[in-house]
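Subject: Structure for you to look at

Hi,

Here is the structure I promised to pass on. Have a look at it first, and then read my notes below.

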Amino acid sequence: MEEDIAILDALIFSSETPLTVERMREILPQYDRQGILGLLKTLAEHHEARQGGFGLCEIAGGWQFYSRPDLAPWVRKLKAGRPQMLSPAALETLAVVAYRQPVVKADIDRVRGVDVGGTLKGLLEKRLVRMVGRKDVPGRPILYGTTKRFLEVFQLKDLTELPTLTELKDIQA
Amino acid sequence: MSYEIKLDVFEGPLDLLLYLIRKNEIDIYNIPIALITRQYLEYLDLMKALNLDLAGEYLVLAATLLHIKSRMLLPVPEEEDGGTEDEAGDPRAELVQQLLEYQAFKEAALQLDRRTLLERDVFKRGAPPEALPGEEGEETPIEADIFTLVEAFQRMLSQLDQADLMEIDLERISLADRINEIMDSLALRRDMTFAELMGEQITRQRIVYTFLAVLELMKLRMIRVYQAASFAAIRIFIVGEE
């Protein structure tokens, strides 16, 4: 048990992308899904108890170590480069895609009241948005959706973790 | 008339309209169209005076506002079918709906920005500043066509160590296997060069199957293939999310 937790620790440490439970089960086949989740919970608690500089998080359908948010000022010095910031226009466009997906460009244009061609292209290049198909209407316009990278960048487990738009309305009220 | 100038440019006509509504502390469901239209047009003049690039969308909304204003001046036609409907008959209704929707997404965008963000608030272990496709050096990728793929294929073949050719086990590989292997590697890496896809044991058969698999995956639109320049490395990107 302790040994298996250490194995998971090593696997996640060595993985470049969030490691899925399915992948862990391939390596530790003696556990079922619940078993792995149990180990992960203990592992996450170990790391929390240690009060170190990073912790275990479930992001984008997998598990990965992330540095503690409050330590960001120091890590940023190490990274030297300026953090990638998204413009308000890009964030608004991304929000429409995230909540309305799959969505065609014309609908995003309508919601934002401007042509989103440029910002949408930028989001595609940043791999936050991708083409997910074509809408079955005349002209077969491209449908857009968010990517796994979107979940990673915004530190979301999955899309259901986004606050609903009605919740947002309550905030305004 | 003194202007309160908000220098950061509005994200669009709806943004400007919302700003005016907030500034005047107006009930969004009961917009005094005359007042708002006047202020909106004043802002457009101001933006012109400041030489800000005035996008056509601002003028479209100005026209919409004027249209609503004119409709509100006209008497409401007395019952057409089922009596007068105050709500549905309000010429402002559509605009209000649009404003509310935009406001919701504007708030959603702010919420996104308030999250802990990767590479801003949290960091992955040893993650290099992620090179995005299109941002590697000054190269801009172009979509590779069949000929560049064939060229890459021939180049791989020419690099073959002839002596190894005798060792091939013909039964060991199938096109379906190669396709699955490639998708598996791409699921982990997201993008790879053609050479990386080949892996270490380069045999003529493996190259052929890799090449066929790439063509098949392109046809199925499961991957996209880019090349930055002629003879540069061919990069293969996964299209789907698993």
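Before anything else, keep in mind that this is a predicted model.

Let's begin with a pair of charged side chains. B:Glu101 and A:Arg110 meet in a salt bridge, with 3.3 Å from N to O. In total, six salt bridges are counted between chain B and chain A. There are also 14 residue pairs in polar contact between chain B and chain A, counting pairs where both residues have pLDDT 80 or more.

Which elements of chain B give two or more residues to the side that touches chain A? They are α1 (13-23) and α5 (93-114). Of the two, α5(B) gives the most, with 13 residues. If you sort the residues on this side of chain B by type, you get 18 nonpolar, six polar and 16 charged.

Now zoom out to the whole interface. Here 40 residues of chain B are in contact with 53 residues of chain A. The area buried between the two chains is about 4500 Å², and carbon and sulfur atoms give 56% of that. In chain B, the residues that lose the most area to chain A are B:Phe105, B:Leu112 and B:Phe123, which together make up 16% of what that side buries.

The other thing I looked at was the aromatic rings. Over all chains, the count comes to seven aromatic pairs. One of them is A:Phe54 with A:Phe65: the ring centres are 5.3 Å apart and the planes sit at 70°, so this pair is edge-to-face. A:Phe54 is in strand β1 (residues 54-59) of chain A and A:Phe65 is in strand β2 (residues 62-67) of chain A, so the pair ties together parts that are eleven residues apart in sequence.

A:Phe65 is buried, with a relative accessible area of 7%.

Another pair to find in chain A is A:Phe150 with A:Phe154, which is tilted, at 5.1 Å centre to centre and 40° between the planes. Both of these residues, A:Phe150 and A:Phe154, are buried. Over in chain B, look for B:Phe10, B:Tyr19 and B:Tyr43, which form one aromatic cluster.

Cheers

Technical notes. Residues numbered from 1 in each chain as written. Chains lettered and ligands numbered in written order. Heavy atoms only, no water. Contact = heavy atoms within 4.5 Å. Buried area = accessible area lost by both parts, 1.4 Å probe. Salt bridge = Lys/Arg side-chain N within 4 Å of Asp/Glu carboxyl O. Polar contact = N/O pair within 3.5 Å; in protein donor to acceptor, adjacent residues only side chain to side chain. Helix = DSSP H or I, 4+ residues; strand = E, 2+ residues; numbered from the N terminus. Nonpolar A, V, L, I, M, F, W, Y, C, P; charged D, E, K, R; others polar. Phe/Tyr/Trp six-rings, centres within 6.5 Å; stacked < 30°, edge-to-face > 60°. Buried < 20%, exposed > 50% of the residue type's maximum accessible area, 1.4 Å probe, protein only.
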